[in-house]
Amino acid sequence: MSALAGRTAIVTGASRGIGRGIADRLARDGALVAVHYGSDEEAARETVATVEKNGGRAFAFRADLAAPDAVDAFYAALDAGLAELGEGPGFDILVNNAGASGSGRIHQLTPETFDRLFTINVKAPLFLVQRGLDRLRDGGRIVNISSATTKHAFPDSVTYAMTKGAVDTMTLALAKELGPRGITVNAVAPGFIATDMNARRRATPEAHAALAALSVFNRLGTPADVADVVAFLVSDDARWITGQYVDVTGGTAL
Ligand code: NAD
C-alpha cells in the first residue's frame with residue numbers, strides 16, 4: 001500500500017520549485033495534496049496537472065502569505081478546496097515550504113524588506129501551525145523548509161539567513177510542545193537547489209559552476225533531492241525523529 005494513502009498533506013508555495021517537487025512526491029506516495037500558491041494560479045494548476053498525470057490527487061488554493069489576513073485567507077481557501085472534494089477540514093501533514101529571499105547586502109537592507117521576509121518566512125509558518133492545530137490529526141507531521149544559509153553564511157543574505165535561523169528554533173520548540181500528540185516537527189535545510197529563487201545568482205556558466213562546486217557532487221541540487229527527504233520525514237518510518245535539522249546540501253558542509 002502507498003505510504004501516505006488516506007492522508008492529506010498541505011504544501012505551501014507549491015506552484016513551482018521545491019514546493020512543486022514535494023507536492024508531486026507526496027502525491028505519488030498516496031497523499032491528497034493541497035497545493036498552496038501565492039499569486040500564480042496557472043503555475044499552481046500545472047503542479048496539480050503534474051500530480052494528476054502521475055496518478056495522484058491534488059487541488060490548488062490561494063493565499064498571499066504577506067497579507068495581513070494571510071492565515072484566515074489560507075484556511076478559508078483550504079477548506080473550500082477540501083469541501084469541493086467532499087473532504088472535511090482535517091489534515092495530516094503540513095510542509096511549510098513557501099519562502100522569499102533577496103535581502104541584499106547590509107547597506108541595501110530596508111526595514112520594509114526585513115519585515116516582508118520575516119512575515120513570509122517566519123510569521124506565516126508559525127501562525128499556520130497555530131491555526132491548524134485543531135485540524136492537524138494526532139500523529140501528524142510538520143516539516144519546515146529551512147536553509148543551509150543558517151550554517152554557511154552568504155554576504156548578501158543576512159536577513160534571509162536570520163529568518164531561517166528562526167525557523168530552526170521554531171522547529172525545536174514546536175517539536176517539544178507537540179510531541180505529546182505524537183506530532184513530529186522537523187526542518188529540512190537545502191543547499192543550492194536550481195529554482196527560480198537563485199536563477200539570477202547562477203545566470204552565467206561561471207557562476208553556475210561556482211555554486212555547483214560547493215557540493216562534493218559538483219552539481220546543484222534538484223527539487224526531487226529535497227522532496228525525497230521530506231517524504232521520508234512525513235512517513236511512518238520517521239516516527240522517532242523530531243526536532244531535527246536535516247542538511248540536504250550534497251555535502252556542502254563537509
Ligand atoms: P521559489 O522562489 O521557486 O519558490 C518559493 C515559493 O514560495 C513560490 O511558490 C512562491 O510563490 C512562494 N511564496 C513566496 N512568497 C509568497 C507569499 N507572499 N505568499 C505565498 N507564497 C509565497 O523558491 P524555492 O527554491 O522553491 O524555495 C522553496 C523553499 O526552499 C523556500 O522556503 C526557500 O527559502 C527554501 N530554500 C531554497 C533553496 C534554493 O537553493 N532554492 C535553498 C535553501 C532553502
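1. Helix α1 (residues 17-28) contributes most to the shell around the ligand, with three residues. Helices here are DSSP runs of H or I of at least four residues, strands are E runs of at least two, and both are numbered from the N terminus. This is a predicted model: local features need pLDDT of at least 70, side-chain atom pairs count only at pLDDT 80 or more, and totals for chains, interfaces and linings use all residues. Residues are numbered from 1 along each chain as its sequence is written.

2. The ligand has 26 residues around it, and G13, G17, G38, G99 and T195 come nearest. A residue is near a molecule or strand if its C-beta atom, placed from the backbone, lies within 6 Å of it. By type, the shell holds 12 nonpolar, 11 polar and three charged residues. Ala, Val, Leu, Ile, Met, Phe, Trp, Tyr, Cys and Pro count as nonpolar; Asp, Glu, Lys and Arg count as charged; the others, Gly among them, count as polar.

3. G99 sits in the loop between β4 and α4. G99 counts as buried because it has 26 C-beta neighbours inside 10 Å. The cut-offs are 20 or more other C-beta atoms within 10 Å for buried, 12 or fewer for exposed, and partly exposed in between, with C-beta atoms placed from the backbone. Leaving aside neighbours within four places in sequence, G99 is in contact with G13, I120, N121 and I145. Contact means C-beta atoms, placed from the backbone, within 7 Å.

4. Now the core. The largest nonpolar core has 66 residues, and A9, L26, V33, V35 and V230 have the most contacts inside it. Such a core is a set of buried Ala, Val, Leu, Ile, Met, Phe, Trp, Tyr and Cys residues joined through C-beta atoms within 7 Å.

5. A9 belongs to strand β1 (residues 8-11). A9 is buried because 30 other C-beta atoms lie within 10 Å. Not counting residues up to four places away in sequence, A9 touches L4, L26, A31, V33, A34, D92, I93, V95 and V234. A9 and V95 are 86 residues apart along the chain, yet their C-alpha atoms are separated by 7.6 Å.

6. V35, leaving aside its neighbours within four places in sequence, has contacts that include V11, A14, A23, A44 and F59. Strand β2 (residues 32-37) pairs with strand β3 (residues 57-62) in the parallel sense over six bridges. Pairing requires at least two DSSP bridges between the strands. The chain crosses from β2 through helix α2 (residues 41-53) to β3 in a right-handed β-α-β crossover. Right-handed means that, with the strands pointing away from the viewer, the path from the first strand over the helix to the second runs clockwise. Y37 has R62 in β3 as its bridge partner.

7. Strand β5 (residues 136-145) is mostly covered, with seven of its 10 residues buried. Strand β4 (residues 91-96) pairs with β5 in the parallel sense over five bridges. N96 stands opposite N144 in β5. A right-handed β-α-β unit is made by β4, helix α4 (residues 111-132) and β5. Five bridges also join β5 to strand β6 (residues 184-190), again running parallel. There, I142 stands opposite V185 in β6.

8. One backbone point to check. N218 has a positive phi of about 55° although it is not a glycine. Most residues other than glycine have a negative phi. N218 lies in the loop between α6 (205-212) and α7 (223-233). N218 is exposed, with 10 other C-beta atoms within 10 Å.

Notes: Contact = placed C-beta atoms within 7 Å.
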